Amino acid sequence: MKIKIIGLGKMGLNLVTNLVNHEHEVICFDINEEARNQATQIGAIATSSLEELFQKEKTANSVYWLMLPSGKITEDMIKICRDNLEANDILIDGGNSKFADSIHHYHFLKEKEIHFLDVGTSGGMSGARDGACMMVGGDKVIFDSIEELFKDLCVANGYLYCGEAGSGHYLKMVHNGIEYGMMQAIGEGFNLLHHSRYDYDLEQVARVFNNGSVVRSWLMELTENALRENPTMEGISGQVPSSGEGKWTVEEMLELGQSAPVITQSLLTRYASMDTEKYGEKVIASLRNQFGGHAIPKS
């Protein structure tokens, strides 16, 4: 199958590798020349402009795949694609877009008879390269027409047609909310071990946890890798950015009147980690001094 990829970042380039390894013809573009050169070395055809990408080897029912950051970049690119794609072309958004945006994009493109699939992509860079997990939303008939593509890109049993537009990105949103909570639990547990009365080799702890224990997982395997590379976490600030999916999960929880305290607390912990000013904590320290005469620690 011929696939046109827009976006050759960490996930995009690995996706290109996966496609080429499965003997798909890949035509791709990125504003970064080095990324285009890497794609060419992998075996793809890299174009020097979007215009060239749209025109090169143009066929009926062309398949385009966006692998871009969520938000304005994806929004702007979908508008450009709408102006350049033909009726019955298929546009896939494989990034982490908000599900509500994907519902809008589906209808926006349908006005020009362009088909749209929202694909939540999990498995990280190695998954994109060697076998991902994908969650697909959009029209079933369009999914069926290119299902072989998902069979090639994903591990066995690693893709799911979820339903109508937005359902793929909705499922990925909740997946990432769960991921937030799992990572938070691992971080808290290893922090407790780090400060405990026992001198644990934490790399070996992660290894044994990941062999036969209830908490064995890919995340635990990655924990072992990280501790092997940097046992003391030296040089790491401890700030944990939030890319959006956790926030959207919590917003949806509130919208539905449901409860997800672990996911919510893990999101709030990430927000707290980004606060280097610690103004609120300074206020609390000052209040303790005001009512109880407690000493105020100085920076």
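The questions and answers below concern a predicted model of one protein chain.

Q: What makes up the secondary structure of the chain, and how many residues does the chain have?
A: The secondary structure consists of 14 helices and 8 strands. The chain has 299 residues, and 41% of them count as buried. Its C-alpha atoms fill a box of roughly 75 × 40 × 35 Å along the principal axes.

Q: What share of the accessible surface of the chain belongs to carbon and sulfur atoms?
A: The accessible surface comes to about 16,500 Å², and carbon and sulfur atoms account for 55% of it.

Q: Which strands stand at the edges of the sheet, and why are they called edge strands?
A: The 8 strands form an open sheet in the order E3-E2-E1-E4-E5-E6-E7-E8, with mixed pairing. Strand E3 (45-46) and E8 stand at the edges because each has a single partner strand, so one side of each is left without a neighbour in the sheet.

Q: How do you know that E4 is paired with E1 and with E5?
A: Two strands pair if at least two bridges are found between them. Strand E1 (residues 2-6) and E4 share 4 bridges in the parallel sense, and Lys-4 stands opposite Tyr-64 in E4. E4 is also joined to strand E5 (residues 90-93) by 4 bridges, again with the strands running parallel. In E5, Leu-91 is the bridge partner of Tyr-64.

Q: What makes both faces of strand E4 count as covered?
A: In strand E4 (residues 63-66), Val-63 and Trp-65 lie on one side, Tyr-64 and Leu-66 lie on the other, and all four are buried. In a regular strand the side chains alternate between the two faces of the sheet.

Q: What is the sense of the pairing between E5 and E6?
A: E5 and E6 pair in the parallel sense over 4 bridges. Asp-93 stands opposite Asp-118 in E6.

Q: Why is strand E7 described as mostly covered?
A: Strand E7 (residues 132-137) has 6 residues, and 5 of them are buried.

Q: Why is Thr-121 called buried?
A: A residue counts as buried under 20% relative accessible area. Thr-121 has a relative accessibility of 8%, so it counts as buried. Its place is in strand E6. Beyond its neighbours within four places in sequence, Thr-121 is in contact with several residues, including Met-11, Met-67, Gly-94, Cys-133 and Lys-172. Thr-121 and Gly-168 are 47 residues apart in sequence, yet their C-alpha atoms are 9.0 Å apart in space.

Q: How do you know that the span of helix H14 agrees with its number of residues?
A: Helix H14 (residues 279-292) has 14 residues, and at 1.5 Å a residue it should span 20 Å. The expected span is 1.5 Å times one less than the number of residues. The end C-alpha atoms of H14 are 20 Å apart, so the two values agree. H14 is followed by Gly-293, which has a positive phi near 70°.

How values were computed: Residues numbered from 1 in each chain as written. Predicted model: local features only at pLDDT ≥ 70, side-chain atom pairs only at ≥ 80, totals over all residues. Heavy atoms only, no water. Helix = DSSP H or I, 4+ residues; strand = E, 2+ residues; numbered from the N terminus. Buried < 20%, exposed > 50% of the residue type's maximum accessible area, 1.4 Å probe, protein only. Areas by Shrake-Rupley, 256 points an atom, 1.4 Å probe, with all protein chains shown as cover. Contact = heavy atoms within 4.5 Å.
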